[in-house]
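Here's a walk through one model, piece by piece. Keep the structure open beside you as you read.

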Amino acid sequence: MNRTFTRGVGAVAAVALLSFGAAACGSDNNDSSSTASVKVGFMGDLTGPNKALGINIRNGAKLAIDQYNATNPKTKITLVEYDSQGDPKQATSLAPKAIEDGIVGLVGPAFSGETADTGAAWQEAGVPFVSASATRVSLSDNSWTTFHRVLADDGFQGPGLANFLVKGASASKIAVVDDASEYGKGLADEAANAIKSGGATVAVRQSVAAEGTTIPNYSSIINTIKGANVDAVLYGGYYAQAGPFAKQLKDGGVTAKFVSGDGSLDPAFVKGAGAAANGSYLSCTCALINAGSTGTAATFYTDYKAAFSADPGTYSPEGFDSATIFINGVKDGKVTRADLLPVVSAASFTGVSKQIAFESNGNIKGGTVLMYKVVDGKITSIGTTDEATS
Amino acid sequence: MSSTKPLRGIKLPWIKTFETLGTRWQRLPTSARWVGYLAMVLLALSLPSIPGLGDIMTPGSSWERVLFYPIGIYILLALGLNVVVGYAGLLDLGFVAFFAIGAYTMAILGTEFGMDFWLVLPIAIAVTMLAGLALGTPTLRLRGDYLAIVTLGFGEIIRVTATNLSFTGGPRGINKIPRPPSVEGVSWLTFSISNVKPYYYLVIFFIVLVIIGLKRLERSRVGRSWAAIREDEDAAELMGVPTLTFKLWAFTVGAAVGGTAGVLYASFQTAIRPTDFPFILSATVLAAVVLGGAGNIPGVILGAFLVGWVPEVSREFSQYRVLVFGAVLVALMIFRPQGLWPSRIRQAELKQGEGGIGQLGGEVGAVVAQAEDNR
Amino acid sequence: MSAFLNQFWASTIDGLTQGGIYALVALGYTLVYGVLRLINFAHSEIFMIGTFATVAFITAVGVASPLTGLALLFFLLAAGLVAALASGGAAVLLERIAYRPLRRKGATQLAALISAIGASLFLQQLFSLKYPDAVSTVRVMDKVNLASIGTGVIRADKVLVFVGAVMMMVILDRVVNGTRFGRAIRATAQSPNNATLMGVDIDKVILITFLIGGAMAGIGGMLYVVFFEVTTYFVGFVLGIKAFTAAVLGGIGNLRGALLGGLLLGLIEEYGASIFGSQWKDVIAFSVLVLVLMFRPTGLLGESLGKARA
């Protein structure tokens, strides 16, 4: 009995030591270089609390890639999806897998938190990544040569919103509320600072936290807002809460204009806000394409509708354009990470959403912020934040 | 109390084997056992390097990474919570607070003051122990369920406060946390984004340290007092055991281990935020302890391993993850409350049936059973 | 501080409204704890089920625009009944599946708590599969302003919630203190042994306790949906902890305590938020919990039903 045990222990130890030795040999580097097909990844929220946004981007990218593959090219592209649920922690454990899988480029990550936490990994592996929606300002400050984004960051959206409020809407007293999320508070902070430098007052500045899809009871903030007699309420956060917040504000007797950012730009906002939706203003550095669009946007609209039986959503055009950047590179025969990176950084074409060209730090050139208004239950464009009036 | 029915649990087939192995293990001379421990540690250290194992265990994510987090960190957290729940029998639903405090200490001291991992570690342990003391002193007098809810409340207070204060980075949290210092030229001691194995070796190091420490404690006066409190607090009090002091001991020791895990976590993720520390994490670690067999170190490790690994390997079913988790917890309590790998001491305790749901339910259960028998 | 004074009446009215919902859910916690000494962790999901039952009822009835007068009254009664049945039924099932087997075996307190947590998570996620996003409903009751006090506006739906909570407590109080069955509940809470000796069917008492507690939460859910016009699968979690806080604040096992605790907690939250800012609302509520348990665990009105057990 004793001997069997000692032998068993010995065997286990032997396996252990052998494997230890194997470890010393290191792991091999994986870079997809087969010419039959290459992998491009997508990372974002597909099943989590804000999945509408992730799905929109994925669909846009998928449309572009499917259209490309249908032309029977020499090198096809496979879109590999990594569902992070918008959670930076999940993103950080998926990133090494994606790198191991041999993706040559990434559309995403979708949200700022996950981009911030995975950027260094993509940079180290040399994977060029193009985000269709991560708008935190500091993301471009990390000296990541692989980082790109196809929409202007909150450094533009915040001041853009402020500009619209102070000039276009002639608001002098504004309440700024956020949802205590990274994105929401970030945008709200940027906007609040710009409002103050624009000469108006931020009469109320508070956060109301929301866990996932929970709708908080906004009664106390609403009472404060009522007491402060503001002209407008600016909410930094996502559509799940923005809608009910707008509704509770209206029911509470607040007549101030309701304004929010791109996180609220979704039909779900209109639904959640009920009667309070009409007359609300939403901003985005992204382009909304709907039935009324013309030119290439109209083609995109019809194709998207045919492929997914739904209207393109927020960031779908940006997703499409992000994928196009990689498609252009692959068409040109660039099928490794190292080859694709300079091509991606040097991209220059007219995309479905906007003119695509990058600064050296990965930010998109040009920073227009567009303003939308809910009219008759539909989100309609009213021009840029410089032009729009309420 | 002895009128309650004996504990009926599903007999798991491997338990008999484990028990025989366990008996043989106890009878081995100490030297042989130490060889065995060493072999186990070596096996553990080699896990990330066994070729092909990663593809079997975690086909959807990186095996090395998963071994550190969540598996390694969960094991450490479960060992810490085991002291509170398993040894002293205290219901703690807010253990994540100590994890958070440890992580934020590393984050703040590391980024604001540029302090080294090894310098921060003892400070973080001290801070977490103080927090344990602060939370425990007023609350450990409370009866079971109340203690559970109070600790839950405390955990939430910590999380929301971290979200609201700019000192802790607000909802954005803190990033660019420094990694542990690497040893030049030694690849298995170089901590970087792509080189995850050193972190795993580090967590194994701490797990071994904690196990040694806990075993020592178990056998000491402190451990015996815990056993006494666990089995019958009133009797222990009557026998002169200063129950509150020892309960505080359990709390602070558990907190210290939780804080250590937090420091490791922060230096690995290099970015932490308040949403990393939700209540569900406390529930998960508690489930790990109970699943494995509270109070039993190998059981707790097994439980933590399962709780950390199974969600990773079933990524396609991630929608149902928490659903199955909840159902498993209920089923476990009904069919096998002693856990998968209970220690025999605890089995004996449970057989005695120390009272039912709350303190009353057991009597109620017993009364109903009797009434049924008489019908 | 000036915000607090300015908003005082508004905060009071809103605090009493939210407090009414807390009170209704607290009734369930306090009843079950009083009889079984068990924190029914899954009670928050019983409440959630009540909200979804109300949403389903609204859709089934096909309400297109806000109701008034008698139609509204009938609707509320019917919806309340539906929600109460759904939640009460769910509570009974919960007791049968997750708690009774444990009682039979003489399981430990830890085991019961774990089972409760497991049941709570299971129910939450079950609904998240069908309803991953927030579900909003049409307006069934117009939010008519009735009167004002200072900055506070007394709105019809706020009155409904408050009055509903008080009414339910009064009814429940009558049942527990005035009926024979209520006596059975109190007897079981005091001493199950003696109760059995007196011929009380403990199993039935426990079942009815869960049923009543669940029904209260269901009615709370109905009022919640009529008021907020939205619900999610996660709605129970924080609200549940706060309702339990309310139960403890008022005195566990004490029905009037549940009402008092609920209303008081609602007020404390609103006043606190007006002073410190809305971001601290949850911390304020949890701090009340911690402080009450630390300094006065028997609550304001003291424990009732079974009286304090060691």
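Which residues in α4(B) meet which residues in α11(B)?

## Two helices in chain B

This is a predicted model, and the answer makes a handy place to start. On the α4(B) side you'll find Phe68(B), Tyr69(B), Ile73(B), Leu76(B), Leu77(B), Leu79(B), Gly80(B), Leu81(B), Val83(B), Val84(B) and Tyr87(B). Across from them, α11(B) brings Ala250(B), Phe251(B), Val253(B), Gly254(B), Val257(B), Gly258(B), Thr260(B), Ala261(B), Leu264(B), Tyr265(B) and Phe268(B). Sorted by class, the residues of this contact come out as 18 nonpolar, 4 polar and no charged.

As for how the two helices sit, α4 (residues 63-87) and α11 (residues 243-269) of chain B have axes that come within 7 Å and cross at roughly 170 degrees. Anything over 145 degrees counts as roughly antiparallel, and α4(B) and α11(B) are therefore roughly antiparallel to each other.

## Chain A overall

Now over to chain A, which has 12 helices and 14 strands. Its radius of gyration is 24 Å, close to the 21 Å that the globule rule gives for 390 residues, so chain A is as compact as a globular protein of that length. Along the principal axes, the C-alpha atoms of chain A fill a box of roughly 80 × 60 × 40 Å.

Of the 390 residues in chain A, 61% are buried. Take the contacts in chain A between residues at least 6 apart in sequence: 71% of them join residues at least 24 apart.

## The parallel sheet and its helices

Chain A has an open sheet of 5 strands, paired in parallel, in the order β2-β1-β3-β4-β5. β2 (76-83) and β5 (147-149) of chain A stand at the edges with a single partner strand each, so one side of each has no neighbour in the sheet. From one strand to the next, the twist averages 25 degrees. Further in, β1 (residues 37-44) and β3 (residues 105-107) of chain A run parallel and are joined by 3 bridges. Gly41(A) has Leu106(A) in β3(A) as its bridge partner.

Two helices to look for here are α2(A) and α11(A). Helix α2 (residues 51-69) of chain A lies across β1, β2 and β3 of chain A, at about 165 degrees to β2(A). Helix α11 (residues 316-331) of chain A lies across β1, β2, β3 and β4 (129-131) of chain A, at about 165 degrees to β3(A).

## Antiparallel strands in chain A

Further along chain A, β10 (residues 281-284) and β13 (residues 370-375) run antiparallel, with 4 bridges between them. Tyr281(A) is the bridge partner of Lys373(A) in β13(A).

β13(A) also runs antiparallel to β14 (residues 378-384) of chain A, this time with 5 bridges. Val374(A) stands opposite Ile379(A) in β14(A). The hairpin of β13(A) and β14(A) has 2 residues between the strands, and Asp376(A) takes a positive phi near 55 degrees there.

## Where chain A touches chain C

How many residues does the contact take from chain A and from chain C? Chain A gives 25 residues and chain C gives 27 residues. On the chain A side, the elements giving two or more residues are β7 (201-207), α7 (219-228), α8 (239-251) and α9 (267-273) of chain A.

α7(A) supplies the largest share of that side, with 7 residues. By class, the side of chain A that touches chain C has 7 nonpolar, 14 polar and 4 charged residues.

Terms used: Residues are numbered from 1 along each chain as its sequence is written. Chains are lettered from A and ligands numbered from 1 in the order in which they are written. This is a predicted model: local features need pLDDT of at least 70, side-chain atom pairs count only at pLDDT 80 or more; totals for chains, interfaces and linings use all residues. The radius of gyration is taken over C-alpha atoms; the globule rule is 2.2 Å times the number of residues to the power 0.38. A residue is buried if 20 or more other C-beta atoms lie within 10 Å of its own, exposed if 12 or fewer, and partly exposed in between; C-beta atoms are placed from the backbone. Two residues are in contact if their C-beta atoms, placed from the backbone, lie within 7 Å. Ala, Val, Leu, Ile, Met, Phe, Trp, Tyr, Cys and Pro count as nonpolar, Asp, Glu, Lys and Arg as charged, and the others, Gly among them, as polar. Two strands pair if DSSP finds at least two bridges between them. Axes are lines fitted to C-alpha atoms, for helices over the stretch in contact, and angles run from 0 to 180 degrees between N-to-C directions. Angles under 35 degrees count as roughly parallel, over 145 as roughly antiparallel, 65 to 115 as roughly perpendicular and the rest as oblique.
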